[in-house]
Amino acid sequence: MSSVQLTHLRHVDLAVPDHERQLAFYTDVWGLTRTADDTGVSFLAAEGSPEQYVVRLREADEKRLDLLAFGIATPGDADVLAERLAGAGVRLIREPGALPTPGGGYGFRFFDVDGRTVEVSCDVASRRHRRIEAREPVPVRLSHVVLNAPDIGRTRAWYERHLGFRLTDTMRSPRDGDLMYFLRINSHHHSVAFSRGPHTSLHHISFELRGLDEYLRASGRAVRSGATRLWGPGRHLAGDNAFMYFLDPHGNTLEYTTEMEQVEEDTWHPHVYDASQAHVTDQWGTANPWNELVAEESFNDPDRGCFIAPPL
């Protein structure tokens with residue numbers, strides 16, 4: 001639809017009933033840094049990232065995914081994209097303008113095909129960040145987000161048509177067909193993936209560590225804290241990244257990852273991987289088997305925020 005391209009994944013915003021418990025987990029256990037607060041809202045940064053925040057936590061009566069935020073290059077690009085989305089019948093929540101969140105900037109919000117709130121922004125002030133040192137077990141950046149959708153073909157097509165995402169790889173079952181699509185907007189193998197599930201919900205949020213040693217040290221800290229370990233350690237074939245999955249206090253799945261594959265845009269050809277093959281989900285063979293319990297946790301609770309705009 002549009003030659004205007006998004007640049008990267010900025011942040012993921014969550015609403016939770018127990019804000020203080022969630023905040024303590026994300027800072028004390030997960031390794032994010034609390035940088036700003038408002039009434040019932042906290043903004044959390046990754047120490048190695050110039051983004052003002054990579055997670056926003058908001059206190060609410062019900063758990064939900066508030067929004068996904070992506071970068072775009074210029075205000076002009078944002079205006080063009082907003083106009084084209086509106087012209088295609090996409091429902092805008094907020095017209096392009098100044099943003100009231102930390103770092104300011106210029107952007108707008110809209111609903112995707114499944115009712116999730118999406119924000120696109122530019123000119124957000126960079127946060128003073130730093131180089132993550134060897135053996136330091138804190139996230140460098142927000143890596144990617146995976147979303148559950150009942151019709152992943154429809155969702156994939158919408159993101160490709162309206163937002164310029166490109167298909168990188170597909171996970172397919174010989175019995176059940178396509179299970180997951182990995183989509184990119186830059187050289188990272190995927191910034192978003194869509195997983196087939198029974199309802200619209202958050203599958204997992206992934207955070208990148210500096211390297212394998214830091215990934216294992218961060219995972220060990222989470223294990224020692226008593227956090228529920230869901231799946232891992234292992235290394236996926238699609239993306240070639242290491243993985244370790246945990247549950248946060250509200251049942252959202254979080255991933256530590258590192259060494260995500262980088263895509264050569266001019267030479268890449270999407271793969272179709274057979275999800276029934278053990279080496280596809282875990283090349284190392286070190287992770288616990290993917291089973292119905294792990295799958296059920298990954299389906300998460302149905303998102304009650306569909307087509308309901310969050311505050312701010």
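Q: Which residues in H3 are buried?
A: In this predicted model, Ile-152, Thr-155, Trp-158, Tyr-159, His-162 and Leu-163 are buried in H3.

Q: Where do the buried residues fall, seen down the axis of H3?
A: They fall within an arc of 125 degrees, so they line one face of the helix.

Q: Why do residues three or four places apart point the same way in an α-helix?
A: An α-helix has 3.6 residues a turn, so residues at that spacing point the same way.

Q: How many residues has H3, and what does it reach from its first C-alpha to its last?
A: Helix H3 covers residues 152–163, which is 12 residues. It reaches 16 Å, close to the 16 Å expected at 1.5 Å a residue.

Q: New topic. Where is Arg-10?
A: Arg-10 is in strand E1, residues 6–16.

Q: Is Arg-10 buried or exposed?
A: Buried. Its relative accessible area is 9%, and the cut-off for buried is under 20%.

Q: What does the Arg-10 side chain make a polar contact with?
A: The side chain of Glu-51, at 2.8 Å.

Q: Which other residues is Arg-10 in contact with, leaving aside neighbours within four places in sequence?
A: Among them are Tyr-53, Val-54, Phe-70, Ser-121, Cys-122 and Leu-142.

Q: Cys-122, then. Buried or exposed?
A: Buried, because Cys-122 has 1% relative accessibility.

Q: And what does Cys-306 count as?
A: Partly exposed, at 23% relative accessibility.

Q: How many disulfides does the count come to?
A: The count comes to 0 disulfides.

How values were computed:
Residues are numbered from 1 along each chain as its sequence is written. This is a predicted model: local features need pLDDT of at least 70, side-chain atom pairs count only at pLDDT 80 or more; totals for chains, interfaces and linings use all residues. Side-chain values use heavy atoms; hydrogens and water are left out. Helices (H or I, at least four residues) and strands (E, at least two) are DSSP runs, numbered from the N terminus. Buried means under 20% relative accessible area, exposed over 50%, partly exposed in between (1.4 Å probe, protein chains only). A polar contact is a pair of N or O atoms within 3.5 Å; within protein, one must be able to donate a hydrogen and the other to accept it, and residues adjacent in sequence count only if both atoms are side-chain atoms. Contact means heavy atoms within 4.5 Å. A disulfide is a pair of cysteine sulfur atoms within 2.5 Å. The expected span of a helix is 1.5 Å times one less than its number of residues. The arc is that of the directions from the helix axis to the C-beta atoms.
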